[in-house]
Amino acid sequence: QKEDIFPDGITSVKYLQANTLSSFHLKQNFPNPFNPITTITFYLPKTQNVSLKVYDNQGKLVDSILNQKLSQGNHEYSWDANQFASGVYYYQLISDDFVNTKKMLLMK
């Protein structure tokens, strides 16, 4: 006799969208290490003001990729580091209620 997997029956099924996130998410740049262009991707759970900045290993601001109001969802930006020397850089995402920083490596 075959045993029921759900002996009490299924009362509901919930489908989740693959892109549904409830919080901010800053992904690691890709590729990493890179030469000279890399891609930075992040997710915003709501529309808000956002800045994405790049700092060198000494903490000096070297580039401001964006500073604007963005809508909810996934966002992707490329950074061209052709004019910068090889080394460790940091990219920082700042929004109305979120700050996150990640490290990336430029190898020429």
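Modeller: Ground rule before we start: rings of Phe, Tyr and Trp (its six-membered ring) pair if their centres lie within 6.5 Å, with planes under 30 degrees apart counted as stacked, over 60 as edge-to-face and the rest as tilted.

Colleague: Fine. How many aromatic pairs does that rule give?

Modeller: The count comes to 6 aromatic pairs. F34, W79, F84 and Y89 form one aromatic cluster.

Colleague: What should I know about the model itself?

Modeller: This is a predicted model: local features need pLDDT of at least 70, side-chain atom pairs count only at pLDDT 80 or more, and totals for chains, interfaces and linings use all residues. Residues are numbered from 1 along each chain as its sequence is written, and side-chain values use heavy atoms, with hydrogens and water left out.

Colleague: On to the sheets. Which strands make up the 4-strand one, and in what order?

Modeller: The order is 4-3-6-7, as an open sheet with antiparallel pairing. Strands are DSSP runs (E, at least two residues), numbered from the N terminus; helices would be H or I, at least four. Two strands pair if DSSP finds at least two bridges between them.

Colleague: Which strands sit at its edges?

Modeller: Strand 4 and strand 7 (98–106), each pairing on one side only. The twist averages 15° from one strand to the next. Axes for that are lines fitted to C-alpha atoms (for helices, over the stretch in contact), and angles run from 0 to 180 degrees between N-to-C directions.

Colleague: Strand 3, then. Is it mostly covered or mostly open?

Modeller: Covered: 7 of the 9 residues in strand 3 (48–56) are buried. Buried means under 20% relative accessible area, exposed over 50%, partly exposed in between (1.4 Å probe, protein chains only).

Colleague: How many bridges does strand 3 make to strand 4?

Modeller: 8, in the antiparallel sense, with strand 4 at residues 61–70. N49 stands opposite K69 there. The two strands form a hairpin with 4 residues between them, and G59 in the turn has a positive phi of about 90°.

Colleague: And how many to strand 6?

Modeller: 7 bridges join strand 3 to strand 6 (87–95), again antiparallel. L52 faces L93 across that pairing. V54 stands opposite Y91.

Colleague: What about the 3-strand sheet?

Modeller: Open too, order 1-2-5, antiparallel pairing. Strand 1 (25–26) and strand 5 (73–80) are the edges; each has a single partner strand, so one side of each lacks a neighbour in the sheet. Strand 2 (37–44) and strand 5 run antiparallel over 8 bridges. Y43 sits opposite N74.

Colleague: Which residues touch the most other members in the largest nonpolar core?

Modeller: F42 and W79, out of 20 residues. Strands 2, 3, 4, 6 and 7 each give two or more residues to this core. A nonpolar core is a set of buried Ala, Val, Leu, Ile, Met, Phe, Trp, Tyr and Cys residues joined through side-chain atoms within 4.5 Å.

Colleague: What does F42 touch?

Modeller: Among others, V50, L52, L66, Y77 and L93, leaving out residues up to four places away in sequence. Contact means heavy atoms within 4.5 Å.

Colleague: Charges next. How many salt bridges?

Modeller: The count comes to 1. The rule is a side-chain nitrogen of Lys or Arg within 4 Å of a carboxyl oxygen of Asp or Glu. K46 pairs with D97, the closest N and O atoms being 3.1 Å apart.

Colleague: Where do those two sit in the chain?

Modeller: K46 is in the loop between strand 2 and strand 3, D97 in the loop between strand 6 and strand 7, 51 residues apart.

Colleague: How accessible is K46? And D97?

Modeller: K46 is partly exposed at 41% relative accessible area. D97 is partly exposed at 45%.
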